[in-house]
Structures are given as structure tokens and as C-alpha cells.
Amino acid sequence: MNSQAVRAAVLNGGAKLWGQRMTEMPGAMTVQPTYFEPLAGPPGLAAVIEVPLSIAPMMDRTDRHYRYFMRQITRHTLLYTEMVTAQAIVHGDRDHLLGFTPLEKPLVLQVGGDDPRMLATSVRAAATFGYDAVNLNVGCPSDRVRSGNFGACLMAEPEQVADCVAAMMAASPLPVSVKHRIGIDDLDRYEDMANFVSTVAQTGCRHFTVHARKAWLQGLSPKDNRTVPPLRYGDVHRLKQDFPHLWIEINGGLTDLEQVAEQLGPVDGVMVGRAAYDYPYRFAEVDRRFWQADTAPPSRQQVVEAMLPYIDHWVRQGLKLNKITRHMLMLFAGQPGSRLWRQILTEESCKAGAGVDVVEQAMGAVQRQDAIQVELGQVQPRQVQLGRNAQPLATWS
Ligand SMILES: Cc1cc2nc3c(=O)[nH]c(=O)nc-3n(C[C@H](O)[C@H](O)[C@H](O)COP(=O)(O)O)c2cc1C
């Protein structure tokens with residue numbers, strides 16, 4: 001471990017805390033200090049977020065169970081939490097809001113807020129819990145968020161954002177990044193965004209994720225604000241040209257790995273949101289393709305196997321099965337048996353007492369469908385061995 005990494009490990013106390021937290025989990029937890037090592041890019045903690053690909057923060061989607069599931073598919077893609085408000089972190093149940101399984105790392109906590117002191121407290125909490133970085137949400141257009149004066153409306157207040165970011169950066173050694181839009185309402189010229197970024201960058205913040213759509217704060221729902229305003233990738237590319245020393249990550253409307261690869265010329269990184277949720281298995285190739293990993297991607301069945309002990313653990317803790325399986329519904333998208341997989345998981349997972357056997361049953365249905373296809377000569381046979389004692393692809397507890 002390099003000296004900065006050691007400092008971070010000591011300062012954030014993360015390893016100790018995980019050790020305590022994980023005693024609730026079955027089996028012995030091995031803390032991996034290498035989590036603090038940069039994966040790529042220049043040395044230092046910031047390298048953890050200077051990666052080619054990340055999965056976007058998404059409320060009600062990128063919770064810990066989704067993240068654990070995605071980690072069975074890709075080891076390296078940077079993952080984000082859902083947005084958590086600084087107010088909730090200051091006043092709420094932090095274990096519930098911030099708890100995660102170490103295997104989810106590298107992991108960024110996304111926070112929302114406009115109060116530098118509360119945001120600084122949030123960053124300290126993130127460091128204590130062992131997050132790798134913290135991201136400030138300046139892109140969410142929802143009424144609720146706007147009424148709290150945070151999210152996308154803060155693009156009109158670059159100095160306020162700079163104060164927030166400065167306080168966040170002073171609170172811990174964790175890297176701090178900002179996720180924002182290319183504009184809001186009538187403040188939507190390239191120059192407005194460049195002024196925003198330049199003001200915030202004066203704090204020393206060097207990581208910006210840009211959703212390449214403006215947001216209309218009046219009149220469009222959050223959902224419409226993700227589809228109606230046109231994508232302007234050119235503005236994000238120009239931002240990188242004008243601020244070559246900053247790490248610029250592009251986001252919005254990118255759905256497959258070819259598109260990701262194309263963007264990795266004009267900008268430094270790519271963040272994918274909805275496509276990562278709707279087509280999770282598209283990420284199976286990314287470790288090899290963008291991190292030059294030499295391991296073969298897991299099969300979909302291996303992903304299911306890897307989830308079984310995790311699911312079993314949580315169900316035994318009293319969690320409803322569908323809280324986990326809802327994130328797995330699209331694993332077989334486009335494959336024979338996909339409909340049956342979704343149907344069984346959807347109908348059976350919410351029943352009282354539902355456990356891993358439901359997932360095994362759904363997997364069995366996919367296999368039978370597969371066998372029929374093989375018999376018809378439509379697909380190649382797959383090697384499948386299922387069982388609840390199957391080992392996860394990576395050790396999580
Ligand atoms: C259901 C949903 C929830 C979202 N929640 C958040 C959030 O909590 N924080 C945030 O910065 N963006 C959030 N977003 C926006 C995404 O992070 C991303 O910027 C947007 O979906 C565009 O990327 P995409 O076209 O790849 O999906 C959300 C998007 C969706 C679809």
C-alpha cells in the first residue's frame with residue numbers, strides 16, 4: 001500500500017469498521033487493504049474514480065443489493081449509491097443509509113445538499129464507512145430536491161457549490177466529485193456550464209460528471225428531464241478541451257459498449273445509468289475490454305450462483321426476497337427463458353417465506369428452456385451447475 005493509501009486507511013478507519021460490521025455476516029470477513037490502491041491512472045486516492053466506466057447513481061435502483069449483484073458481473077466498474085441527502089446523514093440512521101458490503105467497492109457515496117457544514121459531516125461519515133469517494137448531486141431536477149435548494153437548481157449558484165465542495169474536500173482525504181447537467185432552464189449556454197465548472201474547480205475539485213442534457217426545472221418531470229431535452233455531447237467534449245487538467249466523465253443516453261468506447265476519446269470516462277439497470281449483463285465484458293482484466297466474464301448462471309449465499313444470508317435476516325431479486329429480473333434479457341425467469345421471480349419472490357429455492361426454481365426454468373433450444377439446434381449447450389453451496393465469484397464474507 002502506498003503512503004497516501006495507508007493514511008486513508010488509518011484516517012477513515014474503514015477496515016476496522018467493516019470488520020465489526022461484517023461480524024453479522026456468516027463466515028469470516030477478510031479485509032482487502034488493496035481496495036485502497038489505485039486501479040488506474042496517476043497515483044493517489046483520486047485514481048479510484050479516474051476510471052473509464054461507472055454506473056450512475058439512481059434512486060430506488062442502485063441500492064446495496066443491486067450493487068452487490070453488479071459486482072458479480074464486473075469487478076472494476078465504479079459504482080455509486082443512490083443519492084442520500086446530507087440532512088438524512090446528519091440526522092438519520094447512518095448504518096441503514098450508508099451500510100454496504102466491502103465487495104461493492106470501489107464505491108462512491110452520492111450526497112445531496114447545499115449546506116457546507118452538513119455536507120462536510122456527510123463526507124466524514126463516508127470516510128468512516130469506507131467509501132472511496134463522495135459525489136455532490138447538482139443534476140437532480142425533482143421538485144422535492146429543488147424545494148430543498150439542492151440538485152440541478154444549484155447550477156445557478158456556482159459560488160455556493162464551490163463553498164460546499166471546499167468544505168467537503170477539507171473534511172477528509174476522500175476525492176470529491178460533482179455530477180451536474182449541461183445547463184438548466186435559460187442558463188443553458190456552453191459558457192454558463194464552463195463558468196460553473198471553472199468556479200467549482202477553483203476549490204481544487206477536478207472530477208466532473210456531466211449529464212449531457214439540460215434540465216427544465218419548471219414543467220418537466222424528472223423522468224421527462226431524462227428524455228425530452230436533447231443530448232448535447234459536443235458541449236461535454238468541448239468542456240474537456242477547455243479544461244484538459246480536469247477529469248471529465250460523460251453521461252446520458254449511452255447504452256452499449258461501442259458507444260462507451262467511442263466516448264473514451266473525447267472525454268476521460270463514461271457513466272451509464274438506465275442501460276446498466278435494464279441490461280446488466282452487458283457489463284460482463286467491461287473488465288476485459290476497459291481494464292484489460294485477463295479473467296473470462298462470468299456466465300449468467302455463475303452470476304446467479306454467486307448471488308445465492310448472499311440472498312440466503314439476507315433472507316435469513318428477515319429481508320423480503322424481492323428486495324434483492326427485483327434487481328436481477330433483467331439478467332437474462334434477450335435470452336431463451338428470460339420471460340419465465342422474470343415471471344417466476346416476480347410472482348414468487350414477494351410471497352411470505354420465499355427464499356433461495358425460488359431463485360433456483362427460476363434458474364431451473366431457464367435451463368429447461370435452454371435445453372429445448374439446444375434440442376432444436378438454436379443455441380449451444382451451457383455448462384450449468386447450480387447449488388446453494390456454490391461459491392460467489394469473489395469472496396464477500
Ligand atoms: C430511476 C432513476 C433514478 C435516478 N436517481 C439519480 C440520483 O439519485 N442521483 C443522480 O445524480 N442522478 C440520478 N438519476 C440520473 C442518472 O444518474 C443519469 O444521470 C441519467 O439516468 C442519465 O443517464 P442514462 O441515460 O445513462 O440513464 C436517476 C435516473 C433514474 C432513471
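This is a predicted model: local features need pLDDT of at least 70, side-chain atom pairs count only at pLDDT 80 or more; totals for chains, interfaces and linings use all residues.
View 1. Strand 7 comprises residues 247-251. From this strand, Trp247, Glu249 and Asn251 point one way, whereas Ile248 and Ile250 point the other way. In a regular strand, side chains alternate between the two faces of the sheet. Strand 7 is mostly covered, with five of its five residues buried.

**View 2. Pairing of strand 7 with strand 6.** Strand 6 (residues 207-211) and strand 7 run parallel and are joined by five bridges. Opposite Asn251 of strand 7 stands His211.

**View 3. Pairing of strand 7 with strand 8.** Strand 8 (residues 269-272) also runs parallel to strand 7, and three bridges join them. Within strand 8, Met271 is the bridge partner of Asn251. A right-handed β-α-β unit is formed by strand 7, helix 11 (residues 257-263) and strand 8.

**View 4. The largest nonpolar core.** This core contains 104 residues, of which Val134 and Val165 touch the most other members. Helix 14 (residues 300-316) gives the most to the core, contributing eight residues. At least three residues are drawn from each of domain 1 (3-291) and domain 2 (300-375).

**View 5. Surroundings of Val134.** Leaving aside residues up to four places away in sequence, Val134 touches Val108, Leu109, Val111, Val123, Ala126, Met168, Leu174 and Val176.

Note on methods:
Residues are numbered from 1 along each chain as its sequence is written. A nonpolar core is a set of buried Ala, Val, Leu, Ile, Met, Phe, Trp, Tyr and Cys residues joined through C-beta atoms within 7 Å. A residue is buried if 20 or more other C-beta atoms lie within 10 Å of its own, exposed if 12 or fewer, and partly exposed in between; C-beta atoms are placed from the backbone. Helices (H or I, at least four residues) and strands (E, at least two) are DSSP runs, numbered from the N terminus. Domain bounds come from an automatic or database domain assignment. Two residues are in contact if their C-beta atoms, placed from the backbone, lie within 7 Å. Two strands pair if DSSP finds at least two bridges between them. A crossover is right-handed if, with the strands pointing away from the viewer, the path from the first strand over the helix to the second runs clockwise.
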